[in-house]
Amino acid sequence: MVEVRLIGVTKRFGTTLALDEVSLTVPDGSITAVVGPSGCGKTTLLRIIAGLEVPDSGRVLFDGRDITDLPPKDRNIGMVFQDLALFPHLTVLDNVAFGLIARGYGAEEAKERAMNLIRLLRLEGLERRYPHQLSGGQQQRVALARALAPNPSILLLDEPFGALDARLREQLLWEVRRLHDEWGFTAIHVTHDQAEALAIADKLAIMRDGRIIRDGPSEKVVRDPRSEFAARFLGANVLRLKKVGSFKYKIGEQVLEFDRKEDEILLAFYPEEVEPSDKGFEGEVKAISFSRLGYRLIVVIDGKEVEVLWKERPGPKIRFKPTNPVFIPCE
């Protein structure tokens, strides 16, 4: 297990600032998810950790050792790329064994270890097939097996599950979690999907415009996102209310009570954390869809759309209150 630290890392591509003095600590043995919208710098950060890019300034440390200028082959990392990068002319077995042979393993030892990974990732019987003969999920498992074959200290995942359907993506996330718990490697998972990140990560880092705007244990970040951008990215609704009296706040013509003192508050709440209440928000239901968890509603409150998970099919209007409201400093 290895602790990864980035200290003041900056990277430009021409006039584009990809990373802006990024500092981050990835605890040894953790799974840390780096999330954010497309173009925020997530993949650049991962490539710098891997040694595939060199920062313009700042340092990268593994267990306190400065490895900023160390070549990728000497970092003991495994990486699963977004496009998987499987060798089309090699079989499953040879794809998985490739990195082992490149690191000096003998052919027989490499194939034996590769077969162990193939069995572990439930690919047995497919070892003589080529990548084009596999399903998308099977290709993902081959890429994961290849990355893990040399027993890396750090596993880097660059959005490898984005093209898969929801059920298969969930299965592979559990597969990574299971292997992590058995082997104890440090993992960094880059994704733009907050649900995917929360399904697997111990720690969450949210990026925006080349900077990390919030990081910490996943549950703590969800409960205290600290900014409107982070809250919305995590799937929360955010409403702005103004103080009109002692503990009374107004949105449109609606007045609600909150135990706060600020003149203005940003109230965040997640769709599933609401309950019916005569003293809550009143909104007009604009759209309904059904899921196994209940009815997902788009509700309009004073011209603002929010998403709510409702247990029973609603009428044209509903009244509700958040059960776990999160208050965010006004920016």
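User: Which residue stands opposite Lys243 in S12?

Analyst: First, the general idea. Helices (H or I, at least four residues) and strands (E, at least two) are DSSP runs, numbered from the N terminus. Two strands pair if DSSP finds at least two bridges between them. Here, Lys243 stands opposite Tyr249 in S12. This is a predicted model, in which local features need pLDDT of at least 70 and side-chain atom pairs count only at pLDDT 80 or more, while totals for chains, interfaces and linings use all residues. Residues are numbered from 1 along each chain as its sequence is written, and side-chain values use heavy atoms, with hydrogens and water left out.

User: What is the strand order in the open sheet of 5 strands?

Analyst: The order is S13-S12-S11-S14-S19, with antiparallel pairing. Strand S13 (254–257) and strand S19 (326–328) stand at the edges with a single partner strand each, so one side of each has no neighbour in the sheet. The twist averages 40° from one strand to the next. Such angles run from 0 to 180 degrees between N-to-C directions, with axes as lines fitted to C-alpha atoms, for helices over the stretch in contact.

User: Which residues face each other across the strand pairs of S14?

Analyst: Take S11 as the partner to begin with. Strand S11 (residues 237–245) and strand S14 (residues 264–269) share 6 antiparallel bridges. Leu241 has Ile265 in S14 as its bridge partner. Now take S19. S14 and S19 run antiparallel, joined by 3 bridges. Leu266 stands opposite Ile328 in S19.

User: What is the order of the open sheet of 6 strands?

Analyst: Read S6-S7-S8-S3-S9-S10, with mixed pairing. Its edge strands are S6 (77–80) and S10 (211–217); each has a single partner strand, so one side of each is left without a neighbour in the sheet. The twist from one strand to the next averages 15°.

User: How do S6 and S7 run, parallel or antiparallel?

Analyst: They run parallel, and 4 bridges join S6 to strand S7 (residues 154–158). Val80 stands opposite Leu157 in S7. Helix H4 (residues 136–148) lies across S6 and S7 and runs at about 170° to S6.

User: Where are the bounds of domain 1 and domain 2?

Analyst: Domain bounds come from an automatic or database domain assignment. For this chain, the assignment gives domain 1 as 4–229 and domain 2 as 236–328. Their C-alpha centres lie 38 Å apart. Contact means heavy atoms within 4.5 Å. By that rule, 6 residues from domain 1 and 8 residues from domain 2 take part.

User: What area is buried between domain 1 and domain 2?

Analyst: Buried area is the accessible area (1.4 Å probe) that two parts lose on being put together, summed over both. Here the value is about 580 Å², with carbon and sulfur atoms giving 56%. On the domain 1 side, Val222, Arg223 and Glu228 lose the most area to domain 2, together 74% of what that side buries.

User: How many salt bridges does the rule find across that interface?

Analyst: A salt bridge is a side-chain nitrogen of Lys or Arg within 4 Å of a carboxyl oxygen of Asp or Glu. The rule finds 1 across the interface of domain 1 and domain 2. Arg223 also pairs with Glu273 in a salt bridge, with the closest N and O atoms 2.7 Å apart. A search of the whole structure finds 23 salt bridges. One of these joins the side chains of Lys321 and Glu275 (3.6 Å, N to O). That pair links distant parts of the chain: Lys321 lies in strand S18 (residues 317–322) and Glu275 in strand S15 (residues 274–291), 46 residues apart.
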